[in-house]
Amino acid sequence: MFEIVSKQSTASWKHIAVMEGVDFYDRSDEDTSIRQGMSVGVVPNSTPLVILSVLVGAFRDHNHPFVKNKSNVREVIEDLNDHSSIIHLVSRLPSRMTHRESIQTYIWRGMSPGVYIFVQRSVVDNRVPPRPGFVRAYVKFFAYLLRPAPDGSNSTLETMIASADPRGMIPASI
């Protein structure tokens, strides 16, 4: 399990944004297409289970209210069990870029009372051949650790870390 919750542990990361109390960091390799990201923060007025249900819902359904870009399509290939599915994601990008797709699986688990982990990664699935005109992106991992805020408030301490290769250079402005 990972734990990145202090400013000191983010020293090698570039702080790129703050959104609703959550800090976002980037440590991407400028010489390759590998992208790494991390976020750390407290999501107010939420429980870890509520945040988990938003993650699962948004990952499975492109019409979920949490999904901002409705041109990205998600298709459930197979539900493996109550905690895991295989999903085909299709991202239509701005006209100057090649569209991306990926096949990912996600799994979530309760680690202890009120503590959840949500992990997704790319998988190979022969039921979904590569689409013409799309680049097959690779997600090494994308993981969230969700737990109650330590101050006892009705808030969630969220830690996310990710590593992905969109397979091709993406402009720094995106």
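This is a predicted model: local features need pLDDT of at least 70, side-chain atom pairs count only at pLDDT 80 or more; totals for chains, interfaces and linings use all residues.
How exposed is Glu78, in terms of relative accessibility? Glu78 comes to 31%, so it counts as partly exposed; buried means under 20% relative accessible area, exposed over 50%, and partly exposed in between (1.4 Å probe, protein chains only).

View 1. Residues are numbered from 1 along each chain as its sequence is written, and side-chain values use heavy atoms, with hydrogens and water left out. Follow the chain from the N terminus and the elements run β-β-β-α-β-β-β-β-β-β-β. Helices (H or I, at least four residues) and strands (E, at least two) are DSSP runs, numbered from the N terminus. Of the 174 residues in the protein, 42% are buried.

**View 2. The largest nonpolar core has 15 residues.** A nonpolar core is a set of buried Ala, Val, Leu, Ile, Met, Phe, Trp, Tyr and Cys residues joined through side-chain atoms within 4.5 Å. Look for Leu52, Tyr106, Trp108 and Phe118, which have the most contacts inside this core. Among the elements that give two or more residues to this core are helix 1 (48-60), strand 6 (99-112) and strand 7 (115-122). Helix 1 supplies the largest share, five residues. Which residues does Leu52 touch, leaving aside its neighbours within four places in sequence? They are Trp108, Tyr116, Phe118 and Leu146, where contact means heavy atoms within 4.5 Å. Another core, of five residues, lies apart from this one, and Trp13, Tyr25, Met38 and Val40 are among its members.

**View 3. Strand 9 pairs with strand 7 and with strand 10.** Two strands pair if DSSP finds at least two bridges between them. Strands 7 and 9 run antiparallel and are joined by five bridges, whereas ten bridges join strand 9 to strand 10, also antiparallel. Here Ile117 stands opposite Leu145 in strand 9, and Tyr138 has Asp165 in strand 10 as its bridge partner. Is Leu145 buried or exposed? Leu145 is buried, because its relative accessible area is 2%.

**View 4. Arg127 forms salt bridges with Glu78 and with Asp125.** A salt bridge is a side-chain nitrogen of Lys or Arg within 4 Å of a carboxyl oxygen of Asp or Glu. The closest N and O atoms are 2.9 Å apart for Arg127 and Glu78. Arg127 lies in the loop between strand 7 and strand 8 (134-136) and Glu78 in strand 4 (residues 73-81), so this pair ties together parts that are 49 residues apart in sequence. For Arg127 and Asp125, the closest N and O atoms are 2.6 Å apart. Asp125 is buried at 9% relative accessibility. Salt bridges that share partners join Glu78, Asp125 and Arg127 into one network.

**View 5. Arg136 and Glu101 meet in a salt bridge through their side chains.** The N to O distance here is 3.1 Å. Arg136 sits in strand 8 and Glu101 in strand 6, so the pair links parts that are 35 residues apart in sequence. Arg136 is partly exposed at 24% relative accessible area, whereas Glu101 is buried at 2%. A search of the whole structure finds three salt bridges.
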